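Please examine the sequence and the three-dimensional structure shown below. The paragraphs that follow lead from one of its cavities to its sheets and a helix.

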Amino acid sequence: MTEQSFEGLTATPIRRLADHVGERVLVQGWLYNLRSKGKLHFLQVRDGTGIVQAVMSVADVAEADFEAVKAATQESSLRVIGTVKTDERAPGGVELTVSRAVIVHVAEPYPIAKKEHGPDFLLGNRHLWLRSKRQMAILRVRDSVIRAIREFFHDRGFHCVDSPMFTPSACEGTTTLFQLDYFDDSKAYLTQSGQLYGEASAMALGKIYVFGPVFRAEKSKTRRHLTEFWMVEPEAAFYDLDDVMVLAEEFVAHIVRHVLRENRSDLADLERDVTKLEPAAGTPYPRVTYDDAVRYLHEHGHADFRYGDDFGAPHETVLGDAHDRPVLVHRWPAEVKAFYMKRDPANPKLALGVDMIASEGYGELIGGAQREDDFGELEKRLVEHELPREAFEWFLDLRRYGSVPHGGFGLGLERTLAWICGVDHLRECIPFPRMLYRIYP
RNA sequence: UCCCCGAUAGCUCAGUCGGUAGAGCAGCUGACUGUUAAUCAGCGGGUCGCAAGUUCGAGUCUUGCUCGGGGAGCCA
């Protein structure tokens, strides 16, 4: 028994139909749309790999098949047997001349119409919204980006090391965490970053990356925020800030090249202007210091920006649009950056941190740094940031036992995906977005 | 937490000066052999977010609440 074949034919993915012109094939999927014209049905059938038009003439099929299709609603599931032929008039270049059609299940009236819908309705029906052309394209690109990520690190000798989701305390101290009960009277938190554990793992394997979901309980209500999102965090021993920046730009360029190669039709479905993406396939990316960036802001409409502050969304947009590819901003005022960043030996007021800012207003794709590797300095930072030392003893241990210069960064998967796909809201870049006041479905 | 906007049919919206509810899509019935969100004819479909107030009369005006959207802060 297998559901992969029917009447002696094995199902052919719609994406592969062009390789089977003239052959009799089986397509299994869902009815995306039906246009019925008397004795002729035009079925748009989707199977997850693509959409094909199947043409069904009353003269070629059993009357029962013809009537069954006539009664089929949008998103009804079905099996279609037909001959593949090229046709100028068909979207996609090939269509199916149907000889058999069997409805597997007649769908109830489908809530998502062939029309525009509002975000509240679509998010409430996210489980069905995923079936629309645009969402399927984003999901495919997401999978492609994830493959590119793993491929990039594997090829460079980085090992994937998972970090825990439950943590005993804040990784960076400042941001709000989701708190939960952890047996008896103890509390646990959902991790907001795997980085500290990544540092420990890098001291074992040399070059590692952490890849998994992270959680932020900030009450952010913007298109650039989710409460649960996926982050890739490489960490490498014997890396300084320059090594981190080279890794970051080659990493992002690799992802872009991979998607441009593998997902042309998805980008076309998304109506993404690929000429905006193509420059980012090449390295190097421009580098500016924080000081340079502030000067640029002062000269480009933000004369009131105060030196020493972190950049807000409007500032990131201006900086990101200054170049044809993402820009690396490095050497930040230490006060606005995390405790674990190493100070610049040339100017101890600066931290050896780097942000990668995308163009077109997509904001910060990457935040990274060379880490503080000196025991005494890190001890001081913990005090300055008023962090509980007990919680960081193990982290200090990494500076007790064979400390080395090291660094890494974190890349937000959904932000990267939004930028690549030209999607203006992160909620479309994860299958089931978790947002402020929204956790269904 | 703060600022702005919104809530009317299953969905997207219109609803004028305060006078008793409309369209398109979806659904149902029918017509049509090349449709591209097909078209055409017909049918059914309403707690106007909730509560109070003003008024002879409120979808419309006022207040409060709830829910949603966008943005700020914070971050990826």
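Which element gives the most to the lining of the second largest cavity? Strand β12 does, with five residues. The model is a predicted one, in which local features need pLDDT of at least 70 and side-chain atom pairs count only at pLDDT 80 or more, while totals for chains, interfaces and linings use all residues. Side-chain values use heavy atoms, with hydrogens and water left out, and residues are numbered from 1 along each chain as its sequence is written.

The structure holds three cavities of 30 Å³ or more. A cavity here is a set of points, on a 1 Å grid over the protein atoms alone, where a 1.4 Å probe fits but cannot get out; its lining residues have an atom within 4 Å of a point. The elements that give two or more residues to its lining are β12 (207-215) and β13 (228-237). Among the lining residues are Ser163, Thr191, Phe211, Pro213, Met231 and Glu233. By class, the lining has six nonpolar, four polar and one charged residues. In this scheme Ala, Val, Leu, Ile, Met, Phe, Trp, Tyr, Cys and Pro count as nonpolar, Asp, Glu, Lys and Arg as charged, and the others, Gly among them, as polar.

The sheets come next. Strands are DSSP runs (E, at least two residues), as are helices (H or I, at least four), numbered from the N terminus; two strands pair if DSSP finds at least two bridges between them. Five strands close into a barrel in the order β3-β4-β5-β7-β6, with mixed pairing.

Strand β9 pairs with β11 (residues 187-190) over two bridges, and Phe166 has Leu190 in β11 as its bridge partner.

Finally, helix α6 (residues 241-262) has 22 residues and reaches 32 Å from its first C-alpha to its last. That span is close to the 32 Å expected at 1.5 Å a residue, the expected value being 1.5 Å times one less than the number of residues. Asp240 caps the N-terminal end of α6, with a side-chain oxygen 3.1 Å from the backbone nitrogen of Asp242.

Methods:
Chains lettered and ligands numbered in written order. Polar contact = N/O pair within 3.5 Å; in protein donor to acceptor, adjacent residues only side chain to side chain. 1 Å grid on protein atoms, 1.4 Å probe; cavity = no way out; pocket = protein on both sides within 12 Å on 5 of 7 lines; lining within 4 Å. Points joined across faces, edges and corners; volume = space filled by probe spheres on them.
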